[in-house]
Amino acid sequence: MTLPVTSWGTPAARRRALLIHGLGGAAGTWWRVADELASAGVQVVAPDLRGHGTAPATLDYRLGSYAADLAALGTGWDVVIGQSGGGLLAVQLALADAGFARRLLLLDPVLDVADAAYGAVTQALIQAAEHPAEPAAYLAEHPGWHPGDAFALARAVASVAPFVIERTLADNRPWHYLDLLDDLTVPALILGADPAQRPAATAGLLGPYLQRNPALGFEVARGCGHAIYRDNPGLVVAKARPDLSS
């Protein structure tokens, strides 16, 4: 599938960044991070994943199909930033192609969902898609967000059919992908949500992988929930910039 992309910056830029949103997101939700990186001289590309934003719908929502769409956008990215399920896709793409990215920045990636919680997680996400919130509701829940973030998220959630959420979770069950981290050779920094904001179940499982694989790093994004790039876009930019300055 050919994905629609939103771009910031000039194609002549020396450095390139790919931003991958998570389940229920869209390219436009990256606007603050993308704008800051573009202002620093980076070309930024953010696609709408299949069934999201303005991308075509399909009957196939296997992770391998999501990843194949993204692989068609090219390789050799200086940094790939993936949030939630987008972080998992970034890992899969880096494993499939050693030249895919110089470095990964994974924002609270969802690499494991407990079997016992799978049904509840699926229902909650489907209900959110069936009854998308208005921007004002997001701002009331997250008063530190920019109003544009609330608008972009509301528009993204409203663009995703509940079927897309249902099939993505059903087609990729069981959701146990932590072992992929053992095989990563490209440097990858994982930014986890603050446990005070969101129970960091995945973060608690990372210890053995961090010990075994020197390519991995982990930091807690203090004060941030799952949507780190909305809670603190400056932190995301700061963690991406070292890879883009040379």
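Me: Does Gln83 count as buried or exposed?
Reply: This is a predicted model, in which local features need pLDDT of at least 70, side-chain atom pairs count only at pLDDT 80 or more, and totals for chains, interfaces and linings use all residues. Residues are numbered from 1 along each chain as its sequence is written, and side-chain values use heavy atoms, with hydrogens and water left out. Buried means under 20% relative accessible area, exposed over 50%, and partly exposed in between (1.4 Å probe, protein chains only). Because its relative accessibility is 6%, Gln83 counts as buried.

Me: Which residues is Gln83 in contact with, leaving aside its neighbours within four places in sequence?
Reply: Gln83 is found in strand β4 (residues 79–83); strands (E, at least two residues) and helices (H or I, at least four) are DSSP runs, numbered from the N terminus. Contact means heavy atoms within 4.5 Å. With those neighbours left aside, the contacts of Gln83 are Ile20, His21, Gly22, Trp30, Leu107, His226, Ala227 and Tyr229.

Me: In which sense do β2 and β3 pair?
Reply: Two strands pair if DSSP finds at least two bridges between them. β2 and β3 have 4 bridges, and Ala17 stands opposite Val44 in β3. The sense of the β2 and β3 pairing is parallel.

Me: Which residues point each way from β3?
Reply: In a regular strand the side chains alternate between the two faces of the sheet. In β3 (residues 42–47), 6 of 6 residues are buried. One way point Val42, Val44 and Ala46, and the other way Gln43, Val45 and Pro47.

Me: What radius of gyration does the chain have?
Reply: The radius of gyration is taken over C-alpha atoms, and the globule rule is 2.2 Å times the number of residues to the power 0.38. With 246 residues, a compact globule would have a value near 18 Å, and the chain agrees with this, at 17 Å.
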